[in-house]
Amino acid sequence: MKLLKSHKNFNGQTQFYEHESDLTKTTMNFAVFKPDGEIKGGLIWLSGLTCNEQNFITKASAQKTLSDLGLCIICPDTSPRGLDLPNEHKDYDFGSGAGFYIDAMTPGYKEHYKMESYINQELYDLFNKEFNTSRRTSLFGHSMGGHGALTLGLKSPEKYISLSAFSPITNPTQCPWGHKAFKGYLGDSQEDWKKHDATELIKSGKKHPNPILIEQGLADEFYPDQLLTKNFEMACSESGQALHCNLQEGYDHSYYFISTFIEKHINFHFEYLKG
């Protein structure tokens, strides 16, 4: 790890790092807030389309709550950087800044876009080793990152003690964002797509032992057609997966929404991490 910069705030340090990833074969960046004193647990935050490691840590207003509770957080970038793969930089919803937290299978991308393995293995191990979280780790995210939090958490419940999401893409096999990304990263096989779809994972029998928390704004411009929250609610209801889905009147898809409810989500995770 190479420390790029560090800022004292709320009795802790907001820090920015880079490291060489064996999985992506690129330099990867991440941000951390580390409170002073005993670390009582860790949170991994996964950001959404077009974001990088800086969005959450600078906009979500999370540091005071994290410091008060003794929680450390790590925020990775959303894709590998420094590459020039076919169509990688053409659109906002595929390629650079849009890794979708899956391991790609298509030519060119499969050598570098291994974001599922990067989060689950490389970043997870680095976080627990370097920041003393004692493998007491929870996972949450926003939009594309909410999709990542749900899918990675449902497939690896032994790694992540609790799961939550803001405005997650819950059923990507049925929405335009998912069709574009999955075809580009995974090819044409619908069965491969389903392995990275939270709604389909629930239908297939995947569960998390603790309730899942979702926050969704009703003024979110992506709510009806891209996020498909009701599909996930229905699948959880039919399968018996405990879910708390809060529909918030007047809130949109932005970090203004996230910052309003971030304290609630951090406290939700703390209740499971402290146990």
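The protein chain holds 10 helices and nine strands, where helices (H or I, at least four residues) and strands (E, at least two) are DSSP runs numbered from the N terminus. This is a predicted model, in which local features need pLDDT of at least 70, side-chain atom pairs count only at pLDDT 80 or more, and totals for chains, interfaces and linings use all residues. Residues are numbered from 1 along each chain as its sequence is written, and side-chain values use heavy atoms, leaving out hydrogens and water.

Colleague: How much of the protein chain counts as buried?

Modeller: Buried means under 20% relative accessible area, exposed over 50%, and partly exposed in between (1.4 Å probe, protein chains only). Of the 275 residues of the protein chain, the share that counts as buried is 60%.

Colleague: Which residues of helix H9 are buried, and how do they lie around its axis?

Modeller: In H9, which spans residues 229-239, the buried residues are Thr-229, Phe-232, Ala-235 and Cys-236. Seen down the helix axis, the buried residues of H9 fall within an arc of 130° (taken from the directions from the helix axis to the C-beta atoms), so they line one face of the helix.

Colleague: Which exposed residues does the face turned away from the buried side of H9 carry?

Modeller: Here the view moves to the face of H9 turned away from its buried side. The exposed residues on that face are Lys-230, Met-234, Ser-237 and Glu-238.

Colleague: Which residue just after H9 takes a positive phi?

Modeller: Helix H9 covers residues 229-239. Just after H9, a positive phi of about 90° is taken by Gly-240.
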